[in-house]
Amino acid sequence: MPPSPLRLVVLDARAPGGRSGRAVAEWFRSRARRHPDLELDVVVLAELDLPLFLPPAGHPAVAPHAARIGAADAVVVITPEYNQSFPGGLKQAIDVVRGEWAAKPVAFVTYGGVSGGLRAADQLRPVFAELHAVAIRDTVSFVRPWERLRGDRFEPDPGADAAAETLLDELTWWATLLREARTGRSAAA
Ligand SMILES: Cc1cc2nc3c(=O)[nH]c(=O)nc-3n(C[C@H](O)[C@H](O)[C@H](O)COP(=O)(O)O)c2cc1C
């Protein structure tokens, strides 16, 4: 158990007009809120209004986003899969931040058609490795989540609760360790 709560940034890469992204993100957030060691900061990427291409330093939309990543001890990316990868807007939200990612654990909650978004997660791993972040092995993924919508609520199989718990426990372990390490020296990058 960490000596003080860990700050978890949940990066929600849903499409604003999507069918199930909002409900999946709400489901995961409710599980993360139950975790005693975590305090949440939820970032909905579509609301950030980031420029499409890498802007010069000091862009007004980038600084607050980078500061939130900078304050994070851990990050969970919730993303759909498009064309065997993750959304372009998510890549931009990753690229506009630099050293703030370093020595932080990142986990993935994914959804999609047949692959459940796992190919998006696989492609995110080398991106985060480049940024000196630590991608967590355990992933929570959902195949055709729109079939599990009950009204506005996402109701996956009961096994999903255990998968989320495992992911959050693993993330917390890494976040505790890496927070300690970051206070010992400036992070790489
Ligand atoms: C342009 C496009 C490409 C997609 N490509 C894939 C894909 O390669 N693999 C996959 O499993 N699902 C794919 N999907 C399905 C989406 O991941 C799925 O519909 C997801 O649930 C979208 O989020 P939403 O439910 O919030 O709309 C694609 C959907 C779209 C619109």
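Sixteen residues line the largest pocket of this structure, and L45, A46, G88, G89 and L90 are the ones nearest its centre. Please keep in mind that this is a predicted model. The volume of the largest pocket is about 250 Å³. Sorted by class, its lining consists of 11 nonpolar, three polar and two charged residues.

Let us turn to the ligand. There are 15 residues around the ligand, and those that come nearest are S20, E81, N83, Q84 and G113. The class make-up of this shell is four nonpolar, eight polar and three charged residues.

| Residue | Protein atom | Ligand atom | Distance |
|---|---|---|---|
| S20 | side-chain N or O atom | oxygen | 2.4 Å |
| E81 | backbone N or O atom | oxygen | 2.6 Å |
| G21 | polar backbone atom | oxygen | 2.9 Å |

In S20, then, the side chain supplies the N or O atom that lies 2.4 Å from a ligand oxygen. With E81, a backbone N or O atom is found 2.6 Å from an oxygen atom of the ligand. On its own the ligand has 620 Å² of accessible area, and the protein covers 72% of this.

Where does Q84 sit in the chain? Its place is the loop that runs between β3 (74-80) and α3 (88-95). The phi angle of Q84 is near 65 degrees, which is a positive value in a residue other than glycine.

Because its relative accessible area is 41%, H132 is partly exposed.

Is T172 buried or exposed? T172 is buried, because its relative accessible area is 6%, and buried means under 20%. T172 belongs to helix α5, which covers residues 159-184. Between T172 and V127 there are 45 residues of separation in sequence, and their C-alpha atoms are 21 Å apart in space.

How values were computed:
Residues are numbered from 1 along each chain as its sequence is written. This is a predicted model: local features need pLDDT of at least 70, side-chain atom pairs count only at pLDDT 80 or more; totals for chains, interfaces and linings use all residues. Side-chain values use heavy atoms; hydrogens and water are left out. A residue is near a molecule or strand if one of its heavy atoms lies within 4 Å of it. A polar contact is a pair of N or O atoms within 3.5 Å; within protein, one must be able to donate a hydrogen and the other to accept it, and residues adjacent in sequence count only if both atoms are side-chain atoms. Accessible areas come from the Shrake-Rupley method with a 1.4 Å probe; for residues, only the protein chains shown count as cover. Ala, Val, Leu, Ile, Met, Phe, Trp, Tyr, Cys and Pro count as nonpolar, Asp, Glu, Lys and Arg as charged, and the others, Gly among them, as polar. On a 1 Å grid over the protein atoms alone, a cavity is a set of points where a 1.4 Å probe fits but cannot get out, and a pocket is an open set with protein on both sides within 12 Å along at least five of seven lines; lining residues have an atom within 4 Å of a point. Grid points are joined across faces, edges and corners, and a volume is the space filled by probe spheres set on the points. Helices (H or I, at least four residues) and strands (E, at least two) are DSSP runs, numbered from the N terminus. Buried means under 20% relative accessible area, exposed over 50%, partly exposed in between (1.4 Å probe, protein chains only).
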